[in-house]
Amino acid sequence: MIDRDAWFREMPGLMILNEEKAVLDRILKTMRGNDLLQVSGSSDGRLISQARVLRSFFVDNYCHGQNTRLFIQADFHCLPVQTESMDIVLLMHTLECSKTPEAVLEEAYRVLRPNGQLIIFGVNRWSLWQLSRLWTRRKLFPDIKKYHSVAKIERLLHENDFEIMQQQTMCFRPLFKNKALAHTFLFLEALGQFFMPYCGGIYMIHVTKNIPGMTPLVAQNIYPAQSPAR
């Protein structure tokens, strides 16, 4: 069994978690809603501490024995969640753990309410991290099935009637296993955002669920005009 929580408690998973939380804090502060659904990633509740929601649910295909949040063990491609019941959905490294990311996005679209918000975090296929991965031949993230390009994910989002609100990459530092060393090179995050904004190791895409609009009927006068009384 894969223990993702243990991976996020150690470097370099901890560095990735902290960078993702900083981005999530900024986005979630601007949202309000009743229900939030997080699919995969770390089950640490601090990740969504800034979410202004009444209830939050965590879904993973692996069992989590010590989970303080409402936990659902289920397959990503068939969520046991009512249609149009969620205000916010987080896909935390879900797409690269799936062989069919289009099916995961279809499920996210189904469970979101109209104008609901979807936030996706994933490993950037075109980054300096990938060059180092090819050199070391090691998996960057637990349970990786396939790395997907940001362009591919954007295309799938458009096909599912999502509107892209914002996107960015983060994690420009090397995959240090030493926490002090990673803190020393924290300045690379600011430099990377300025000089190589699309080359961070992790990408984030924030989208909104669009609902095709209906053309309102124009009221027509079906009665013939009457002549004014003389």
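1. In this predicted model, helix 3 (residues 101-111) contains both E107 and R110, which are three residues apart, or about one turn of the helix. The two form a salt bridge whose closest N and O atoms are 2.9 Å apart. E107 counts as buried because its relative accessibility is 12%, whereas R110 is partly exposed at 23%.

2. Salt bridges with shared partners connect D35, R55, D87 and R113 into one network. Within it, R113 pairs with D35, with 3.6 Å between the closest N and O atoms. This pair links distant parts of the chain, since R113 belongs to strand 5 (residues 112-123) and D35 to strand 1 (residues 35-39), 78 residues apart. D35 is buried, with a relative accessible area of 5%; R113 is partly exposed at 25%.

3. A further salt bridge joins D25 to K21, the closest N and O atoms lying 3.2 Å apart. Both residues are in helix 2 (residues 13-28), and because they are four residues apart, about one helical turn separates them. D25 is buried at 16% relative accessible area, while K21 is partly exposed at 22%. The structure holds 11 salt bridges.

Conventions. Residues are numbered from 1 along each chain as its sequence is written. This is a predicted model: local features need pLDDT of at least 70, side-chain atom pairs count only at pLDDT 80 or more; totals for chains, interfaces and linings use all residues. Side-chain values use heavy atoms; hydrogens and water are left out. A salt bridge is a side-chain nitrogen of Lys or Arg within 4 Å of a carboxyl oxygen of Asp or Glu. Helices (H or I, at least four residues) and strands (E, at least two) are DSSP runs, numbered from the N terminus. Buried means under 20% relative accessible area, exposed over 50%, partly exposed in between (1.4 Å probe, protein chains only).
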